[in-house]
Amino acid sequence: MANYLISEVKDNPWARVHAPPRPEARPCRVGPFPLKMPAMQAGLAGYSDMAMRTVARRRGCPYAITEALLDRVLLSGGRGREKGLVLSDEDHPAAGQIIGSEADEMAAAAKIVLEAGFDAVDLNFACPVKKVMGRCRGGYLLSDPDQARQIMRQVRDAVPGPLTIKLRRALDDSAQAADWFSAVFNEAVALNFSAIAVHGRTVEQKYTGWANWDFLRKLKQDNPAPVLFGSGDVFTADDARRMLCYTGVDGVWIARGAIGNPWIFSEFAALCRGDPLPEPPTVYAQRDALLEHFSLAVQIYGEESASRQMRKIGIKYSKLHPCGPEVWRAFINAKNQRDWNAALERYYAQDGPGVRVGSVPDAQDVCNIDATAAARV
Ligand SMILES: Cc1cc2nc3c(=O)[nH]c(=O)nc-3n(C[C@H](O)[C@H](O)[C@H](O)COP(=O)(O)O)c2cc1C
């Protein structure tokens with residue numbers, strides 16, 4: 001089983017923030033789209049494809065964002081473009097997230113996303129991966145407000161409907177970086193972006209340390225009007241409740257917490273209704289979700305490639321299984337579809353109660369983030 005960073009959890013200053021058991025019912029929307037609850041499937045390179053989004057939606061997720069799609073790949077019309085743009089009928093409203101460095105290319109890419117059927121365009125000014133930063137994309141733009149503004153304005157002109165943006169709380173902890181953040185944030189507000197999502201870590205932090213929920217809280221207090229989504233360290237439905245109540249953001253991005261646990265959405269919906277947290281999904285419910293994910297992935301990638309991808313998905317689901325470490329090993333050792341099926345037949349043939357996941361990041365996720373994102377953008 002992957003190591004959990006348990007030692008660090010107790011150091012998280014926001015782990016036990018005061019929050020009422022039931023979030024206050026407030027409307028949450030992205031432009032013309034009201035969301036039936038204030039949480040959404042985050043953009044996740046290597047994960048948040050149509051398959052993951054659809055599995056999440058069937059468990060209550062009201063809105064979803066693609067992984068960052070490189071503008072040049074979209075413009076090139078290559079194979080990567082088609083797969084990144086796949087949507088299902090159930091997958092609405094959804095935002096196609098684009099990443100790039102040049103205003104005209106980003107504006108053209110935004111149009112492609114809309115033509116593909118996405119309901120909104122999301123700009124990624126947050127990705128901290130070295131290769132991405134080196135090419136003046138993603139989080140780099142939080143250090144170049146002039147270029148950031150140019151991109152935002154040109155994309156705004158190209159996109160008649162909802163336009164949103166993903167930021168980090170700054171490039172680093174310097175005063176200069178705070179000014180740059182404000183310049184970009186204020187431009188998004190001035191251009192009437194439908195929502196602004198902020199990950200409470202700096203770009204420099206990548207995924208180390210904790211997302212600063214006090215920053216999100218102050219940002220919302222200082223800017224009550226714009227729709228603000230919070231991101232960072234939401235690993236359980238209860239984390240989502242605490243972030244929402246403590247920071248006052250309008251909605252919560254569910255990122256690592258949704259990988260291998262799409263029930264985080266139905267659990268959060270229960271908390272929003274004031275119901276107790278449901279029991280964790282049974283082993284059969286987990287098996288059904290894995291098979292559903294596989295069959296959707298086949299629609300996008302074809303059987304061979306989908307089979308390869310299901311290994312990493314199975315690994316993530318294993319944390320909910322009563323024999324988690326064994327199941328994890330079985331999936332990690334799966335070399336082909338036959339091994340994957342064998343793991344499923346062996347460990348998911350008998351029903352039983354599932355395991356509740358805790359509010360702790362998975363060390364494996366933290367290590368793999370750079371590699372995953374760099375490979376894609
Ligand atoms: C593997 C991985 C890939 C990610 N890819 C994207 C992405 O493509 N677009 C994006 O906006 N954020 C991306 N993120 C950032 C997440 O959406 C989220 O902001 C971040 O993980 C903090 O939330 P968490 O601590 O609750 O996971 C990625 C994160 C991870 C772990």
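This is a predicted model: local features need pLDDT of at least 70, side-chain atom pairs count only at pLDDT 80 or more; totals for chains, interfaces and linings use all residues.
Local features need pLDDT of at least 70, side-chain atom pairs count only at pLDDT 80 or more, and totals for chains, interfaces and linings use all residues. Residues are numbered from 1 along each chain as its sequence is written.

Start with the whole chain. The protein has 16 helices and 10 strands. Both are DSSP runs, numbered from the N terminus: helices are H or I with at least four residues, strands are E with at least two. The radius of gyration is 20 Å, close to the 21 Å from the globule rule for 377 residues, so the protein is as compact as a globular protein of that length. That radius is taken over C-alpha atoms, and the rule is 2.2 Å times the number of residues to the power 0.38. The C-alpha trace spans about 55 × 50 × 35 Å along its principal axes.

Burial comes next. Of the 377 residues, 49% count as buried. A residue is buried if 20 or more other C-beta atoms lie within 10 Å of its own, exposed if 12 or fewer, and partly exposed in between, with C-beta atoms placed from the backbone. Among contacts between residues at least 6 apart in sequence, 72% join residues at least 24 apart.

The protein splits into domain 1 (26-279) and domain 2 (283-347). These bounds come from an automatic or database domain assignment. The C-alpha centres of the two domains lie 27 Å apart. Across the boundary, 12 residues of domain 1 are in contact with 12 residues of domain 2. On the domain 1 side, helix H2 (residues 50-57) gives the most, with five residues. That side divides into seven nonpolar, three polar and two charged residues. Here Ala, Val, Leu, Ile, Met, Phe, Trp, Tyr, Cys and Pro count as nonpolar, Asp, Glu, Lys and Arg as charged, and the others, Gly among them, as polar.

Now the ligand. There are 25 residues around the ligand, and Ala42, Gly43, Ala45, Ala255 and Arg256 come nearest. A residue is near a molecule or strand if its C-beta atom, placed from the backbone, lies within 6 Å of it. Strand E4 (64-70) and helix H16 (363-376) are the elements that give two or more residues to this shell. H16 gives the most, with four. By class, the shell has 11 nonpolar, nine polar and five charged residues.

H10 (237-247) is mostly covered, with eight of its 11 residues buried. Its buried residues include Asp239, Arg241 and Arg242. The buried residues of H10 pack against strand E3, helix H9 (213-222), strand E9 (228-231), strand E10 and helix H11. Just after H10, Gly248 takes a positive phi of about 80 degrees.

H11 (residues 263-273) has buried residues too, among them Trp263, Phe265, Glu267 and Phe268. The buried residues of H11 pack against E3 (39-41), H2, H10 and E10 (251-254).

Finally, look at helix H6 (residues 130-134), where Val132 lies. Val132 is buried because 25 other C-beta atoms lie within 10 Å.

Notes: Two residues are in contact if their C-beta atoms, placed from the backbone, lie within 7 Å.
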